[in-house]
Amino acid sequence: MILSKKQMSEEDIKLNFITPALLNHGWKDKITMEQAVRFTDGKINIKGNLVARSPAKKADYILYINANNPIAIVEAKDNNHSVSFGMQQAKTYATMMKIPFAYSSNGDAFEEYDYLTGIERQIALDEFPTPEELYDRFKKESNGGLGLSKEEEAIIQQPYYSGQNTNTLRYYQRNAVNQTLDAIAKGQNRILLVMATGTGKTFTAFQIVYRLLKSGLKRKILYLADRNILVDQSIQQDFSPLAKTIHKVDFSKDDPTTISSYEVYFSLYQQLAGKSESDDDDRENGDETIAKFQALFSPEFFDLVIVDECHRGSAKKDSNWRRILEYFSGATQIGMTATPKETKYISNIDYFGEPVYTYSLNEGINDGFLAPFKVINITTDIGDGWRPYKGQLDMYGNEIEDRIYNNSDYDYNITIMDRIIQVASEITNYLKSTDRMAKTIVFCATEAHAECMRIALANLNQDMCQKNPDYVVRITGSDTYGKSKLDYFISLAEYPVIATTSKLLSTGADCKMTKLIVLDQMIGSMTELE
């Protein structure tokens, strides 16, 4: 029996009309269809102890200039719908993925929306543009009709890095890379990328660096971070394909005569400023910092500087870290952050400009790439408005000053072990009621507070510590033993299970296995929280 168009399903329409129309116009090797183009994971929904995902977003067809750059999206509907019925869905997906042409079809014709001109029109089924025709339109219509520059075309044609051990870029990472490279190709020298924690900023940075190096637009690149763990993780993981051309700066060993033989240089701000990684930035030793730069690097040495977690020290106008950026002011500079810092005294946007691309925490959760979180507030007996009884001693045996205390005092100005034990008891009880092997980070006010918390948790979990003494470990900047356990904590290894820390794990360390985060410190801003 031969079905009429009105009797055909959407899949029948695709098979008999839309797919042939695309293949007949040269898209055979530049097309992916629905099964291959799920571009979100689907939101994770939690109801009680039940977890389920919403359906992932899938496009019927995505057409590509090359592996880097999708150029068109096509949404199909059955013939009981109009030609343009799928256009809103096509536009939604095209907007998310920064795709310039959107199409809808019911098998009779194609409805086309051109984002570059704002024109929507209907074209016959046999008039769908070829890859060459669509790319030619894209080249001519880009930049408000001025067309693509040679630099932009060179970037477009340069592929991403791909390898057996390398992840495929998610749509928003590809957007971030392409938007950044487009800005660089247009001559923009200060660029801000805003991507939520956990969405792969470092992997995105690697792909930016790889394509810039391979296209020849950049030759010497400096990657700045403010914690050794961030530098080492980046070198060993996301940037490992460039291992042979990477160098970690060390002023005590580096030779000016050989320093220029690399392409990508990693360094700590503090190292360049002659400090340890646990030091906060200040304005001391500024001249010494510049002198060290001058001994190894001229101001023109780097043509690209990437600033990891740029909401921290480099955002301050009068900081040594800002002086590093100003020393290399001729270089293109990319700031990466989850939360741009905007205060009276500190501004990322003032220095880097408006973000070229933003992918928020909410977007990551809705797309299913980030897990939703549940907030549990607890109140201790020793909290806001607490007053000691006469003669009460702190944990060090000193009499506590008789006054009213609040949460900004505890573990900063005063340490009371009873309060720490209460918090440790809440953590322990929660883990006992859920999963005692759930990786847990406890953020404390200071390193001393983190040690007190470790002791309290160890005493409340003696049975687990008997099985493995590393059930609870303090991991802080000054704790050599704790830092040696960091790789185990962030990996699939069972132990350590609970890490107490102050700032070391708040810097974007990759702790994918973490299930419980405890904040037992004052959080001054959303920037610090995220």
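This dialogue walks through a few features of a predicted model.

Reader: What should I know about the numbering and the model before I start?

Author: Residues are numbered from 1 along each chain as its sequence is written, and side-chain values use heavy atoms, leaving out hydrogens and water. The model is predicted: local features need pLDDT of at least 70, side-chain atom pairs count only at pLDDT 80 or more, and totals for chains, interfaces and linings use all residues.

Reader: How do I read a strand, and is β12 enclosed or open?

Author: In a regular strand the side chains alternate between the two faces of the sheet. Helices (H or I, at least four residues) and strands (E, at least two) are DSSP runs, numbered from the N terminus. Buried means under 20% relative accessible area, exposed over 50%, partly exposed in between (1.4 Å probe, protein chains only). In β12, 5 of the 5 residues are buried, so the strand is largely enclosed by the rest of the structure. V264, F266 and L268 cover one side. Y265 and S267 are on the other.

Reader: Which strands does β12 pair with?

Author: Two strands pair if DSSP finds at least two bridges between them. β10 runs parallel to β12, joined by 5 bridges. There, I221 stands opposite V264. β11 is also parallel to β12, with 3 bridges. H247 faces Y265 in that pairing.

Reader: What does helix α7 pack against?

Author: Look at its buried residues. In α7 (residues 228-236) they are I229, L230, V231, Q233 and S234. Contact means heavy atoms within 4.5 Å. The buried residues of α7 pack against α6 (201-215), β10 (221-225), β11 (246-248), β12 (264-268) and α17 (486-489).

Reader: How many disulfides are there?

Author: A disulfide is a covalent bond between the sulfur atoms of two cysteines. The cut-off here is a pair of cysteine sulfur atoms within 2.5 Å. The structure holds 0.

Reader: Which residues form a nonpolar patch on the surface?

Author: L361, F373 and V375 do, with about 300 Å² of accessible area together. V375 lies in the loop between α12 (361-367) and α13 (417-433). V375 counts as exposed, at 57% relative accessibility. Like charges are joined within 9 Å, nonpolar side chains (Val, Leu, Ile, Met, Phe, Trp, Tyr) within 5 Å. Accessible areas come from the Shrake-Rupley method with a 1.4 Å probe; for residues, only the protein chains shown count as cover.

Note on methods
Patch = residues over 30% accessible without salt bridge, like charges linked within 9 Å, V, L, I, M, F, W, Y side chains within 5 Å. Salt bridge = Lys/Arg side-chain N within 4 Å of Asp/Glu carboxyl O.
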